[in-house]
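User: I have a model open and would like to go through it with you. Could you take my questions one at a time?
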Amino acid sequence: MSTLAFGALYAAQFLVNARTAQHQYQIAELEAQEQRRQANLQVAINNKLSYNAHLNLNEQQALELKKLGFDKFEVAKSIRSEKAKIEAIAASFGGTFGQQGQSYDATLNNISRHGYNSLARKDFNYKILKSDFLTRHKNIQLETESKNNQAFTGLSTGGSIAGTGLQIASSAINAATAFKTGIK
């Protein structure tokens, strides 16, 4: 075989290796691009789910707060009703002013105390409920952030231009070395 034939053979080998490196780079870029597209799609889905979870939690919170507000109104109404009932009973005992004194006052104070204790428990329950809803909102947000982080973890950065260039240069050096060795 002539030197020219060896030269053409090594040049062809170099071109095949260079084209292979270029093709591997393009495949790595396409795979990385598809991974990023899939990760962005997953993040969009995670964010929609988070938004819906927050909406649902807001609706639950609004219903609970309405219920607590209604309950407080009912307790206040019950206090007024019980006091009115006691006052009516006391007035029915006759005399100039009806029943009066410490026993009467103690009964009214008892009704007020029980009623206001009930209202205080409602306020305490409201604070606990509010704190619970805040915690649940935070948990939804943290869960979404975690899932979004997982979607972007381990993504390929794509092909390396420097690596591809070095691979092509190495192929050229190998071909040149093999050519020189082959013609000796």
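Predicted model: local features only at pLDDT ≥ 70, side-chain atom pairs only at ≥ 80, totals over all residues.

User: Which side chain does R37 meet in a salt bridge?

Analyst: The partner of R37 is E34, with an N to O distance of 2.9 Å. E34 is also partly exposed, at 37% relative accessibility.

User: Why are R37 and E34 separated by about one helical turn?

Analyst: Because they lie three residues apart in helix α1, which covers residues 3-91. In general, side chains of opposite charge can pair when their charged atoms come close.

User: How many salt bridges does the structure hold?

Analyst: The structure holds four. Among them is the one between K67 and E64, whose closest N and O atoms are 3.5 Å apart. These two residues are three apart in helix α1, so about one helical turn separates them. K67 is partly exposed at 45% relative accessibility, and E64 is partly exposed at 28%.

User: What about K147, which residue does it form a salt bridge with?

Analyst: K147 pairs with E143, and their closest N and O atoms are 3.2 Å apart. Here the two residues are four apart in helix α2, residues 102-152, and therefore about one helical turn separates them. Both ends are partly exposed: K147 has 37% relative accessibility, and E143 has 44%.

User: Changing topic to the fold: how many helices and strands does the protein have?

Analyst: There are three helices and zero strands. Read from the N terminus, the order is α-α-α.

User: What is the radius of gyration of the protein?

Analyst: The value is 41 Å, whereas a compact globule of 184 residues would have one near 16 Å. Along the principal axes, the C-alpha atoms fill a box of roughly 140 × 20 × 15 Å.

User: What percentage of the residues count as buried?

Analyst: Of the 184 residues, 20% count as buried. The accessible surface is about 13100 Å², and carbon and sulfur atoms account for 59% of that area.

User: And the contacts, what share join residues at least 24 apart?

Analyst: The share is 89%, taken among contacts between residues at least 6 apart in sequence.

User: Last topic, the charges: how far apart are the mean positions of the positive and negative ones?

Analyst: The protein has 21 positive and 14 negative charges, and their mean positions are 6 Å apart.

Definitions and conventions. Residues numbered from 1 in each chain as written. Heavy atoms only, no water. Rg over C-alpha atoms; globule rule 2.2 N^0.38 Å. Buried < 20%, exposed > 50% of the residue type's maximum accessible area, 1.4 Å probe, protein only. Contact = heavy atoms within 4.5 Å. Areas by Shrake-Rupley, 256 points an atom, 1.4 Å probe, with all protein chains shown as cover. Lys, Arg positive; Asp, Glu negative; His and termini not counted. Charge placed at Lys NZ, Arg CZ, Asp CG, Glu CD.
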